[in-house]
Amino acid sequence: MRLIFFVIAFVSLTKYSVGQSTTTRESKPFIYSASSEWQKVTIHPTSPTQPTTGQSASSAPLRSATSRANRTNSAPATTPGFRPAFTGDFATNRNGWKAGIQGDYHYQIGMGRYSILKRNSSTRQAAFSYVPLPTDINLNVADQFTIKIDVLADSGRVPSGGILFGVRDSLNYNAFTLNGQGEVSIVRMVNGQTTSDYMSGDFFKPGIPVESNRNRLTIRRKGYSLHFYINDQEIRTSPYRFRMLPGNGIGMISSAYWTAFQKLSVTLGASGPEPLPSYTSSVTQPATTNTTPAPVADNTTASIATESVPKTEASKPASTGPVSFTESFTDNQNHWLVGRKNGYELEMSLGNYYIRKTSPATANPAHSYIRLPQAVDLNKAKTFTITVDMIVPPGVQPDGGLLVGVKDVTTFCQFRLMGANRVSIKSITNGSTFANYMPGNPVSPKVPVNRERNTLTIKKELNQLHFYINGQEVEDSPHVFRPFKGNGIGFIAASPTVKFQHLAVQTGTE
């Protein structure tokens, strides 16, 4: 009998010990350690509750530990606090950097360093190496990003070289570089050419200390601005307004005998976009306004947002009382066309709407428009006044103007300056004009036209349309008002670069 009691007690004690051991073992997370090339990953059970007593460790569900530190596009985009990042640790060449002897340079990767050695001292070509960023790190779409790299040189020398960003190819890119004299250059290359009014590429003194041997270059986008830093101090010409980048590549450039790069990183903002300036476009008619969300931009290139337009609730009839619409171009809630299309780049920045040619061979003008809110109906208004400021850089011929009554790109009315001595007032329906109504023949305005800034105005009064430049009515005005086919408003442009400001529409009942 004593033997039976002893056996029962021993079995019970053994069962309790095994269950307790299993519970203790499963309550601790596993830590996977590896070389510095890999990320240290802590793995937790997916269930918020502890496994029940007696559950085996192998049966508890675990999160995957297979993501590399530099391959962030494999991480789930829905992870709270997830910050897409790209790092060039230069321990290996898994990112596909240029390597070996290529042209006049020798490119070498290893030991956390990317070294570029000049083999031909008389070459005038710069070393150029870049790779595309992962699809979830799109510099044109992100409202915030930070790019960093350390640039190294021989002992006692200022490093000569820098970082490439927004790279499409060797003729289309942006760069932030140093030279051996401690000067900096910020350049934007489009089809192998720089622009005189934006990131010209000239070297200048940064206004802050530049070190020998090593300097850290940093680029930060904050909304509509690009900021440039050396060793965490902002250079004197920074910030620059952000323009759509030619591509989405990242890389290095150098023309020195020897330059090395370390600690490359590209990181998107941690908590989404910064607060944008207050939106000042408004309709003073009390009505609930809805806007169609802008489509997500393409992940591989500087993309065009498909035209979308402000809409008012269909259940509310349009009012015939006085209303107004103003556009300050401080943000893009009205969904203007932005990006690259048909040989042009369209951009909104700091209260301006820019239209620039990207291909000199482009013959057709650019068109961009939105539809006015239902409350601002130009056909129902007894009177209306539309004004906008149009500006071109010094030395550029003004060629652009207003579009009104827009239905689509084949049906609209235009008021367009064509140089300083001609103006075109045109009505187009399904791509055709009419000889007896606003045929659009370029004629002299017979009023002064400024070489750089002009205010264009269209007024409807007593069933006639009047056209003004800087407050003076042009020769080919007025015209009898015929109802528009649409209720859109926008711009036409053919200058190499032009910007629009302070668009306003005011309607009235008398």
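Biologist: Why is strand β31 described as largely enclosed by the rest of the structure?

Modeller: Start with the terms. Strands (E, at least two residues) are DSSP runs, numbered from the N terminus, and helices (H or I, at least four) are defined likewise. Buried means under 20% relative accessible area, exposed means over 50%, and partly exposed lies in between, with a 1.4 Å probe and protein chains only. In strand β31 (residues 464-469), 5 of the 6 residues are buried, so the strand is largely enclosed by the rest of the structure. This is a predicted model, in which local features need pLDDT of at least 70 and side-chain atom pairs count only at pLDDT 80 or more, while totals for chains, interfaces and linings use all residues. Residues are numbered from 1 along each chain as its sequence is written, and side-chain values use heavy atoms, with hydrogens and water left out.

Biologist: Which strands pair with β31?

Modeller: Strands of a sheet pair through backbone hydrogen bonds, either parallel or antiparallel. Two strands are taken as paired if DSSP finds at least two bridges between them. Strand β30 (residues 453-461) pairs with β31 in the antiparallel sense over 6 bridges, and E461 has Q464 in β31 as its bridge partner. β31 also pairs antiparallel with strand β33 (residues 479-480) over 2 bridges, where L465 stands opposite H479. Strand β32 (residues 472-473) is another antiparallel partner of β31, over 2 bridges, and there I469 is bridged to Q472.

Biologist: What should I look for in the hairpins around β31?

Modeller: Look at phi. Most residues other than glycine have a negative phi, and most peptide bonds are trans. The hairpin of β30 and β31 has 2 residues between the strands, and L462 takes a positive phi near 50° there. The hairpin of β31 and β32 also has 2 residues between its strands, with N470 at a positive phi near 55°.

Biologist: Where else is phi positive in a residue other than glycine?

Modeller: M199 has a positive phi of about 50°, and N213 has one near 75°. M199 is found in the loop between β11 and β12 (214-222), and N213 is placed in the loop between β11 and β12 too. M199 counts as buried because its relative accessibility is 3%. N213 has a relative accessible area of 34%, so it is partly exposed.

Biologist: Which peptide bonds are cis?

Modeller: One joins S238 and P239, with omega at about 5°. P239 sits in the loop between β14 (233-234) and β15 (240-241). Another runs from S477 to P478, with omega near 5°. The loop between β32 and β33 holds P478.

Biologist: How do I read the strand order of a sheet, such as the one containing β10?

Modeller: Follow the pairing from strand to strand. Here 5 strands form an open sheet in the order β7-β16-β9-β10-β11, with antiparallel pairing. β7 and β11 (184-189) are the edge strands, each pairing on one side only. Neighbouring strands of this sheet are turned by 15° against each other on average, direction ignored. Within the sheet, 6 bridges join strand β9 (residues 161-169) to β10, and L164 has A175 in β10 as its bridge partner.

Biologist: Is N174 buried or exposed, and what does it touch?

Modeller: N174 lies in strand β10 (residues 172-178). Its relative accessibility is 1%, so N174 counts as buried. Contact means heavy atoms within 4.5 Å. Leaving out residues up to four places away in sequence, N174 touches residues including F165, V187, M199 and L245.

Biologist: Where does L139 lie, and which residues does it touch?

Modeller: L139 lies in the loop between β7 (127-132) and β8 (144-152). L139 is buried because its relative accessible area is 0%. Among the residues it touches, not counting those up to four places away in sequence, are F145, G166, R221 and L245. L139 and R221 are 82 residues apart along the chain, and their C-alpha atoms are separated by 8.8 Å.

Notes:
Axes fitted to C-alpha atoms, helices over the stretch in contact; angles between N-to-C directions.
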